[in-house]
Amino acid sequence: MTNSWTDIKNTDLVIVMGGNAAEAHPCGFKWVTEAKHHRGAKLIVVDPRFTRTASVSDYYAPIRPGTDITFLMGMIRWMIENDKVQWSYVKAFTNASFLVKEEFGWSDGLFTGYDEEKRDYDRSSWEYQLGEDGFALTDPTLQHPRCVWNLLKAHVDAYTPEMVERVCGTPKERFLKIAEMIGECSSPTKTMTSMYALGWTQHSKGSQNIRGMAMLQLILGNIGVPGGGMNALRGHSNIQGLTDIGLMSNLIPGYLNIPTEKEPDWETYMKSRQFKPLLPGQTSYWQNYSKFMVSFQKSMWGDAATAENDWAYHYLPKLDVPAYDMLRMFELMDQGKVNLYFCQGFNPLLALSNRGKNTSALSKLKLLVVMDPLQTETARFWENHGAFNDVDPSAIQTEVIELPTSCFAEDEGALVNSGRWLQWHWAAAEPPGQAKHDTWIMAQIFLRVRELYAAEGGAFPDPILNLTWPYADPSTPMPDELAREMNGTALADVTDPADPTKVLTAAGKQVKSFAELRDDGSTACGCWIYSGCFNEDGNNMARRDNSDPSGLGVHSNWAWSWPLNRRTLYNRASADLDGKPWDPERALLSWNGERWEGFDVPDIAPTAKPGEVMPFIMNPEGVSRLFSRGMMRDGPFPTHMEPFESPVQNVFNDRMRGNPVARMFESDAATLGTSDEFPFVATSYRLTEHFHYWTKHNKVNAAMQPEFFVEISEELAAEKGIQRGGKVRVWSKRGEVWAKALVTKRIKPLTCDGKTVHVVGIPLHWGFVGAAKKGWGPNSLTPAVGDANIETPEFKAFLVNIEPATGEALA
Amino acid sequence: MTQREYSESTDRIVQTQPVVVKRYITFTRVNHWFTALCFIVLMLSGFALFHPALFGLTALFGGGQNARWLHPFVGVALSISFLGMFLQLAHLNILRREDLVWTRHIGDVVSGNEERLPELGKYNFGQKLVFWGMFWLILVLLISGVAMWIQYFPELVSIETRRIAILVHSIAAVLIVLVFILHIFAAFWTQGTISAMTRGTVTGGWSWRHHRKWLRELARRQRTKPAE
Amino acid sequence: MTMAPDLDSPRTAVANPPVQPMESNLGQGDVVRSSAGGPVAENPRDLTDVAKLIDVSKCIGCKACQTACVEWNDTHPEIGINVGIYENPLDLTPEMYTLMRFTEYDNPDTGDFEWLIRKDGCMHCVDPGCLKACPAPGAIVQYSNGIVDFISENCIGCGYCISGCPFDIPRLSPTQHVVKKCTLCSDRVAVGQGPACAKACPTQAITFGTKDDMTALAAERIEDLKSRGYDNAGLYDPQGVGGTHVMYVLHHADKPSLYSGLPDDPKISDVVEGWKGPTKPVGIAAVGLAAVGAAAMALFTRSRVTPQDEAEATELVQEEMRGSGQPDDRGTV
């Protein structure tokens, strides 16, 4: 989230699209009710199904799964056409005026530079025109035909309301009504917030869905302002923390990158990261990359990381592929190229697309280690459960070791919520039975591995032998020890760069924040964005003062928020070019002539003059991007792409299937179905009664929603002769499931490109272990294709067929 | 052998000096007293649940819970038991022309001037009234009782129907208790009656006075054939 | 806001309730009505009326209230089946005192589809039909703050309350043989806490406080709903049962029955009134009078059998038996 949960109460309009906040995030959704009750805010829901969020909305529109980009580009087109643009914001705070290279263009659904062979773009033309001084060329009048604004206008021109209706199936009058409601938020004193989740990410072009809304929000001037923002609702209580500390295969903590094979040495690695400003006077905060990176290396290897050995850069693994995401891991596993798989807090048998392939892949492992507080289907993938898990245990040789871990209520530490708040919590109970904390288990493994390396040497023992392990009890790293490590420590006195005699933090003390990190080896910091969470003031994450002098839900003394306890990202943009808040009623920050002051920590240097230093300090441009240059693999603007399995062809290019640059393994391409065989669009989702595959173990949750079902319209039920509550079989090219039929008015057939499109809703939550009735997850049906940028599997739009079930497959 | 119209096959004059008449065999008497016992249990437990002032009666059964579960089971027992009575007694309780005359002269019954009344068979109209009253009211109580028996038949009827059932059950219960009172009263008031259900016999005088046609038929049935 | 323990009831469930230990502050001394002539307090404290307000326009049907209810009351609803609807369990049960009910409604006036979700449960009537119907003294009580509570020790499990309730709420436990329903968490209210469901509700669709405060809050909500085009928004506090201590804010207050059959105009059934009204005294009087009358008559008059009758009988019998063998001297035949 750019903003915080509590900030949602400041909004005038909530749009829930690509998510189902009331059901999947009911506790956070309270802030929507708060905004509705106390601010008179309106709520719009755009979703294939009339969800429980829609039940409390002011306006609802249906949409065909996987067509959000068309809807959003249509929205941008309408805003431009009807002059619903926050012009001061767009001109000053976005790259609307930047000139783009002449070669850049778009036709037939593709941008320039497409190579069909490689399924990739040559992105060199997706770039600004640079002057001789290295700075980007701009036209502040927005008259230049090559300026981003005019290219955007041209790009969205095709997305008329009629086109939206044709592609999305959203009735034109509903689209226009929503456009009018959103258009009101182009006023500087009215804001819209976007709340989304996996309904947008789980597509082969998920990142572009989110880009689409971010662009709309920028055009309305809603980024960085109270009640605005792009608010990704994270699906697990600490999934934000997971991404922050770099559990992605290509990241290290704080969104720093694991080097690739093309970056064999420190110099090459750093060269492409310390972005120089693209406009004069801009911050381009990533220029500090080396400070974070060196401090990270010092935190990892202490004295073994020195200036002489390039901070032990050679200890870091170098990626030979862009990422070892889970789709790739399971592909490799299925090819027999993985021997040992550690599965910690993860249930891939049900969570990863194409279950049949998952079973096959896990069966080829030599050893599977499952660390989980609960019994998981993955740990029992080899066990026969009739139709629910139809495997032959005698044919599976994988050894499975289960290491029971503690659950969240049994350990201490910080959970990072969607709003980036690190909230410390304390153990409420002892782990039962043989369950142990994850940190204890990992310490045991590490200590033994280190012993082996010490005894036997091996090819490259240094990174293991030299790893910093400063814990009081080496076998049990404590949560506060780990938190302090992430905050960072001064290894030598940290002095003020302007006055080297002034010691900011003495050696051995916790650094105050990442502003004190240095690239000379004098500081260590495990996760630079968390720096400040546990400094000499103590454990700031454990703060519990809920006072809010702002009245805007800032709550600065409640827990701690990264970065720097800042509650709203880009908050400098909540004030105009002169530093005056756009809306005096919701004043977060203002320029007092000398410095920024207000209720939140400014997202800019405190003395950065408003007319000179632009708000988006992480971008070398200093402004936000309507045109994202070559940063994304599938285009600098979002363009309509059909899901890989779709009932209709791409209106721009009927030869194009799915996202033209999404990575697709050959084995997976063979398992894609067509609409002739599988005429219905399926989408998957959570239900509010459950959390993933966990709560089916809980008898109370299981009683609230006991049995697997699929949702279909009354029309489809009539067409197929399906009774409410009757059994159905749903199958795709990849598998089949049996479920109860929930026949509802809440899903209505859509008309897309003259064709009737029926949607089948498939909730997750059921498996073959736990208290609830046995069932299946949607991943028995979903294709193994991921987003072009981040490889999130396409769970939200695929094709199935359905029929009344005969036989007794349901237990 | 004389045709049997007013008597049971088991009814017979057992002694002539003085006359003693067998009115009820042991089975019938046991059946009657079992029914009576059930009735009393039902009445007491029913009253307890009918009016708060009488809730204390549940103490007889060891508390309200016991009274609550006992009542319907005893109700079923009574119904079955009464069915036994019914099968034995129903045919002689069918109303006849003379019952109408008897009813018209009810004043003479009360004042003891029974010579002004027609001769009667085994049962007079009053007794028949008790019999049929019991029969119909038990039927009503049984049906409404099952509808109320929520432990075992929670889904049998709608709440609205059950409300009516409860009301009907209460009213029928009051009526059947009235019939019961009439029954006891008549048994006591009419001297010589109770022995019919205790020893199974009545005196000739009682029979002559109240059920002369019955007595006459029994005597005729016991006429020895000339050939003997 | 924390509540001082000397207040008679918490003002709102939204506020943080007290955390210090507190003696139960609601009990027999506050009973103003008790079923079947059960004991009531002689000088009950005049507690402020409390109420739970359920704003259906804020309710997202998440069932957190159901879950909290199960947890607090330590009930064990069975893991059932899906029959093609969102309700689960499928109905209120002795193990499930509250239930989200879902109605799919095509609004003919607006042409819009609406999904109406209502939390069902005890309404805590001012004039409770259950209490009226109950034959067991003290099994159902009403406290002076308005809470209608079932006292299981006194319950005999007859289920009359089920027939008495105009809202179809109480459920008989076939195993415990007592009837169960929402207590409005009287045991929590007694120590200054709001009901568990209100505590758990993520959107504050369920709030708890004094009836006056809740009515005022409802007025605020109704105004908001009217501004959103729900011209018939209103408060459901049905006067047919004297008002209730659980109230709804409805978008369509003109048609409560849209919400899974919420009664449009609930009142204690005339049949129940008739049963618990005239039938009881009239019946007892009739039985009493009949018994006394019969006893008196039996005492003063008697239909006697005379020796004359016996003689007549002997004569008749001999006459009818004429031609038969002589009876022996004991007259045995």
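Helices (H or I, at least four residues) and strands (E, at least two) are DSSP runs, numbered from the N terminus. The views below show a predicted model, in which local features need pLDDT of at least 70, side-chain atom pairs count only at pLDDT 80 or more, and totals for chains, interfaces and linings use all residues. Residues are numbered from 1 along each chain as its sequence is written, while chains are lettered from A and ligands numbered from 1 in the order in which they are written.

View 1. Residues 129–152 of chain B are 83% helix and 0% strand, with 33 Å between the end C-alpha atoms. Residues 69–87 of chain B are 100% helix and 0% strand, and their end C-alpha atoms are 28 Å apart. Both spans are among those that the unreviewed UniProt entry annotates as "transmembrane region", together with residues 33–57 and 164–189 of chain B. UniProt positions are given in the numbering used here, feature names are shortened, and annotations may be inferred rather than shown by experiment.

**View 2. The annotated cysteine site of chain C.** In the unreviewed UniProt entry, the annotation "binding site" covers Cys122(C), Cys125(C), Cys130(C) and Cys165(C). These positions are spread over 44 residues of sequence but cluster in space, the largest C-alpha distance being 10.4 Å. Cys130(C) belongs to helix H2 (residues 129–133) of chain C. Cys165(C) occupies the loop between helix H3 (160–164) and strand S7 (171–172) of chain C.

View 3. A residue is buried if 20 or more other C-beta atoms lie within 10 Å of its own, exposed if 12 or fewer, and partly exposed in between, with C-beta atoms placed from the backbone. Cys130(C) is buried because 28 other C-beta atoms lie within 10 Å. Cys165(C) likewise counts as buried, with 27 C-beta neighbours inside 10 Å. Contact requires that the C-beta atoms of two residues, placed from the backbone, lie within 7 Å. Apart from neighbours within four places in sequence, Cys130(C) contacts Ile140(C), Cys161(C), Gly164(C), Cys165(C) and Pro170(C). With residues up to four places away in sequence left out, Cys165(C) touches Gly129(C), Cys130(C) and Pro170(C).

**View 4. Strand pairing in chain C.** Strand S2 (residues 50–55) of chain C runs antiparallel to S9(C), and five bridges join them; two strands pair if DSSP finds at least two bridges between them. Within S9(C), Ile206(C) is the bridge partner of Ile54(C). Strand S9 (residues 206–210) of chain C is mostly covered, as five of its five residues are buried.

**View 5. The contact between chains C and A.** Here 33 residues of chain C contact 37 residues of chain A. On the chain C side, two or more residues come from each of helix H1 (64–73), strand S3 (99–106), strand S4 (113–120) and helix H6 (211–227). H1(C) gives the most, with five residues. This side of chain C has 14 nonpolar, 11 polar and eight charged residues; Ala, Val, Leu, Ile, Met, Phe, Trp, Tyr, Cys and Pro count as nonpolar, Asp, Glu, Lys and Arg as charged, and the others, Gly among them, as polar.

**View 6. Domains 2 and 4 of chain A.** Domain bounds come from an automatic or database domain assignment, which for chain A includes domain 2 (326–414) and domain 4 (666–804). The C-alpha centres of these two domains of chain A are 22 Å apart. Their contact takes 17 residues from domain 2 and 21 residues from domain 4.
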